[in-house]
Amino acid sequence: MLPIVDHFPRSCDVRYMRPLARESTVFGKGLANGSNLFGNRTCEKNPSAETPKTGTWPAVLFLATLVVILYAPVLSSLVRQWWDDPNYGHGFFVPVFAGFALWSERKCWRGLPSLTNNFGFAIMLFAVGLLVLGKLGAELFTTRLSLLILISGIVMFQAGYQVLRSISFPIGYLFFMIPLPTIVYYQLTFPLQLWASRLGATGLVTLGVPTIRQGNLLILPNCTLNVVEACSGIHSLLSLLAAVVAYGYLAEPTMWKRVALAVSTVPIAIATNGLRLVATGVLSFFFGQTVDSGVLHLVLGLVFFAMAFLSVLLIHRLLGLLSKYQNAAQVYP
């Protein structure tokens, strides 16, 4: 619609009507060719946006420097938690993939007109306010979340809503690098522990291993397994979800399939974590409780995480076959 707006008659002069006819003809041909901007991930260049404003990049660099200085303590604590907390070790991967996604879509957001939006300044002020409140209340999640809000405000203030919308996925993906609030983390961990212990006890009894479950304890004849927070599966769930969202972005253009893959990670992570406890219980029953530590514990975690990701790939394959079947049914009723 931008060419039509540019040539909309500013007066009743006929000189403004001829370009409108030419642009309408070109626009009609584009629709006739069936081009799909979002489905095929192709972007058309906007002639008005090919020449960037000379003052944009210095302003962006200046704001980026201020953000780094302002959020240096927040970023340093975030990186330390990635390193120390195994639940969020995938945080190192998240900004790398977000940068890759931003770079791969550069033709799209570079081709959009750069229009300053003052509403972005209000968003920036709101983000700084969240940062101050988070520091006063010693709430890490609020201070870290304010960084993403501030980035969104800067983009809107410097480039406008269209550019912000075009890079919404890379910015939104950064949310996976922020650890959950403590209260939310424990609200998720406890039910996951119960699910894991129930699935583990059921699987062990099915395989013929005498097992008694008391809460989160699995009592075997020769040892007792304690399903602690680390065994709840929250680690594999968070990492698997981040990996599956990245995979869906790269391999699947259809939005509903991306959502279906992301939703499927929850039951898959719970099921594979239960299977991991069954394997741990069987090995502990035959070789003693020492197998539930050290290298073998790490290997089991990696094996069942890979199994969970392969399960997601299988579901993606099934969704593709379902789509082909539905398309064939529509073509040949």
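Me: Two strands pair if DSSP finds at least two bridges between them. How many bridges join β1 to strand β2?

Reply: Three bridges join β1 to β2 (residues 217-219), and the cut-off is at least two, so the two strands count as paired. They run antiparallel. Q214 stands opposite L217 in β2. This is a predicted model, in which local features need pLDDT of at least 70, side-chain atom pairs count only at pLDDT 80 or more, and totals for chains, interfaces and linings use all residues. Residues are numbered from 1 along each chain as its sequence is written, and side-chain values use heavy atoms, with hydrogens and water left out.

Me: What makes β1 and β3 edge strands?

Reply: The open sheet has three strands in the order β1-β2-β3, with antiparallel pairing. β1 (212-214) and β3 (224-226) each have a single partner strand, so one side of each lacks a neighbour in the sheet. The twist from one strand to the next averages 20°. Helix α11 (residues 182-206) packs on the sheet and touches β1 and β2; its direction makes about 15° with that of β2. Helices here are DSSP runs of H or I with at least four residues, strands are runs of E with at least two, and both are numbered from the N terminus. The protein chain has 14 helices and three strands.

Me: Why are α4 and α8 called roughly perpendicular?

Reply: The axes of helix α4 (residues 72-84) and helix α8 (residues 140-159) cross at roughly 115° and come within 10 Å. Axes are lines fitted to C-alpha atoms, for helices over the stretch in contact, and angles between N-to-C directions run from 0 to 180 degrees. Under 35 degrees counts as roughly parallel, over 145 as roughly antiparallel, 65 to 115 as roughly perpendicular, and the rest as oblique. The pair α4 and α8 is therefore roughly perpendicular. The contact (heavy atoms within 4.5 Å) involves V74, L75, S77, L78 and Q81 of α4 and T143, R144 and L147 of α8. By class, these residues are four nonpolar, three polar and one charged. Nonpolar covers Ala, Val, Leu, Ile, Met, Phe, Trp, Tyr, Cys and Pro, charged covers Asp, Glu, Lys and Arg, and polar covers the others, Gly among them.

Me: How do you know that α7 is roughly antiparallel to α8?

Reply: Helix α7 (residues 119-136) packs against α8 at about 165°, with the axes 8 Å apart. That angle makes α7 roughly antiparallel to α8. The crossing is left-handed, meaning that the near helix is turned anticlockwise from the far one by less than a right angle; clockwise would be right-handed. Among the α7 residues in the contact are F119, M124 and L131, and they meet a set in α8 including T142, I149 and F157. The contact of α7 with α8 has 14 nonpolar, six polar and one charged residues.

Me: Why does T189 count as buried?

Reply: Buried means under 20% relative accessible area, exposed over 50%, and partly exposed in between (1.4 Å probe, protein chains only). T189, found in helix α11, has 1% relative accessibility and therefore counts as buried. Leaving aside neighbours within four places in sequence, T189 is in contact with E229, S232 and I234. Of the 333 residues of the chain, 35% count as buried.

Me: What makes A138 exposed?

Reply: The relative accessible area of A138 is 65%, so the residue is exposed. A138 lies in the loop between α7 and α8. Its phi is positive, about 55°, although A138 is not a glycine.
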